[in-house]
Structures are given as structure tokens and as C-alpha cells.
Amino acid sequence: MPNSCYSDVPRYMFGTMVFSTLIAAALTAFGDVGFGTNMVYSLCIGLLTYATIDLPRRWLWPQGAPAFVPMIGLALLAAPVAWFGGSFVASLLLGEPWKPGSVSLNAMLGFLALTAGAGLGGTFFFWTRERLAHSERGAAEARLKLLQAQIEPHFLFNTLANLQALIGSDPHRAQAMLGHLDGYLRATLASTRNDQCTLAEEFARLRGYLEILTIRMGPRLAYSLELPEALATAKLPPMLLQPLVENAIKHGLEPKLDGGDLRVAASAEGGQLVVVVEDSGLGFGAASTSGTGVGLLHVKERLAAVYGNAATAEIGETPAGGVRVTLRLPRQA
């Protein structure tokens, strides 16, 4: 994921602490210094090594992990900074005088080599994990685009067929539908060029889509889009809500004789952005058009690829018997 998101930092810091504990245990087993002292030094040097590698690379390469060679250079540059700085902090914590000059040259080179080796090992481990996550995210994005390619022609052909019918019978409604279609297609095309969009842009795109369907379905469809002004600039992946709205229409409201209501609402809970898509349709499995769950599965996969465990998608029934999908993801402005 883009490194402007720091949700993975606690996990990386915990891994660094575990690795530092193992190094402290090894130094205690093969040396004459107590485990407590080794632990303080190992944690201070290890965490500073992580900080001097990870923070600069997030600033230098905000879009993700770079090639491995630059990461090697960053780890080697971080080794002396982390060893001297970590040793200084550890001596302060232990109340000991900091005397790097008292360490022999061979011992200092050995400690620097150990710090560099640990930094390289941790860097390689975290680098491979991020590369794998990046690949999985790319695969999820590709699957989403395939899903869009399958859905959009169906929607487009139906809309064009309605336009053709309306041009002769109701030119005013045909003109309104054409205007909404133009706006929707422009917004959809723009979204394919970006990794993120604002919630206001996502809601505007949904409004264009729903206005077209309102002309097509008439009074059988009523909808509401609830977006607090404070959340208008919140970020999320583009077209994330589209499959959920399409599912609600196709499998819940369109097959229902008298139609129903669709509601999309955004709210904030702590540091999370919560988006609810609910309908008053037929409910789970009641329609002959019951879906295969592919749309929701793609949304879940996309959330996992972009946010990891920090985002969830929950599906349930409304009191009226319709379907409610609740997305929870980190709030980013």
C-alpha cells in the first residue's frame, strides 16, 4: 500500500522487537554481559535501525517499496547511525557512561557488522512482504477492472435502449438521462486513472448512476446519499461502492414489484470511515436474479489488498428485510 498509510508500523516494530530479543539472548549465551543489559542495548539499537531505514524510505518512496538495491544502501547507511545512537540511548537508560572510544576497533567493527546484518535481514524480510502485498493489490485491482468491464456494458446497453425508447415518447426525460450518462461516464473514466478519490467524488459518481436508474425505474426507485461535509475529502479507492449499489439495485430492488429505497450513508467512528449501503429490497436469495457474491468478494479483496486487516466489510439484513453492507476503513484525508 502507499506508505503514507502507517497502519503497518506497529506490526513492523513488534517484529523488530522480537528480532532484537533473539539477538540479546544470543549475546547473553555467548558473552559475559547479563540479559537485561543486552536487552536494553539490543532494543535501542534495533528500534533505531528500523526507524532510520523505514522512515526515510517512506519519505523517499511514498508509493511503495523501491528496488532492493536502494534498500541495501539505506540499511548500510543506517547501521552506524543506529549503533552509535542506540548505544547512547541505552547507556542513558542504564545510567552508564557512554564511552564508544573504550570499545576496541575490532569489537566496534563487529558490532557494526552485526547491526548492518540485522538491518539487512529485517529489510529483506519486510521488503519481500511489501512487494508481495503490492502484487496482491495489483491483482485485486485487475480483478476489479475485469468486474467493471463485465458490468458496465450491461448497464450502458440498457441505458442506450431506454434512451432510444424515450427519444420519441419523452424527449425531455431522454435529454435528462443523456446528461446524467455523460457525467457518469466522464467521472468513471477519470476514476480509472487514480488510485484514490474523495468520498465527495465517489458520491457524485453514484448520484449520476442512480439518477439514470431513477429515470429508468421511475417511482419504483427512491434513493438517498448522506455525506457529512466533514467527510467530503476523506479518501478511498475509486469505484469501491459501485458494485454494492449495483447489487442492491439488480438483486434487491429491480425484481421487487413495487421497488423500494436505497440508502448510502457515510459516518466517522473514531479513526474509521464507515460507509453503509442498504436497500429495502427482497433480501437474501429471494430474487430469481440472486447473485453469486462476486461483487462483494471483489470489494473485500480490494479492501484487504489496500488496507490489510485495518478494513472490514460486513453484510446483514435490515429490519425491513433488505440487505445492508457496512464498510469500515481507515479514515484518510
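The model is predicted, so local features were taken at pLDDT of at least 70 and side-chain atom pairs at pLDDT 80 or more, whereas totals for chains, interfaces and linings use all residues. Residues are numbered from 1 along each chain as its sequence is written, and side-chain values use heavy atoms, with hydrogens and water left out.

The protein chain contains eight helices and seven strands, assigned as DSSP runs (helices H or I, at least four residues; strands E, at least two) and numbered from the N terminus. Of its 333 residues, 41% are buried, where buried means under 20% relative accessible area, exposed over 50% and partly exposed in between (1.4 Å probe, protein chains only). Among contacts (heavy atoms within 4.5 Å) with a separation of 6 or more, 74% join residues 24 or more positions apart.

Helix H1 comprises 22 residues, 9-30. The distance from its first C-alpha to its last is 32 Å, close to the expected 32 Å, the expected span being 1.5 Å times one less than the number of residues. Val-9, Tyr-12, Thr-16, Ser-20, Ile-23 and Ala-24 are the buried residues of H1. These residues lie on the same side of H1, because they cover an arc of only 115° around the axis, taken from the directions from the helix axis to the C-beta atoms. The other side of H1 carries the exposed residues Pro-10, Phe-14, Leu-22 and Ala-29. Thr-16, located in H1, has a relative accessibility of 10% and therefore counts as buried.

Helix H6 (residues 199-217) packs with helix H7 (residues 242-253) at an angle of about 20°, and their axes are 10 Å apart. Axes are lines fitted to C-alpha atoms, for helices over the stretch in contact, and angles run from 0 to 180 degrees between N-to-C directions. H6 and H7 are therefore roughly parallel (angles under 35 degrees). On the H6 side, the contact involves Glu-202, Leu-206, Tyr-209, Leu-210, Leu-213 and Met-217; on the H7 side, Gln-242, Val-245, Glu-246, Ile-249 and Leu-253 take part.

The end C-alpha atoms of H7 are 15 Å apart, in agreement with the 16 Å that its 12 residues should span. H7 is largely enclosed by the rest of the structure, because 10 of its 12 residues are buried. Among them are Pro-243, Leu-244, Ala-248, His-251 and Gly-252.

Terms used: Parallel < 35°, antiparallel > 145°, perpendicular 65-115°, else oblique.
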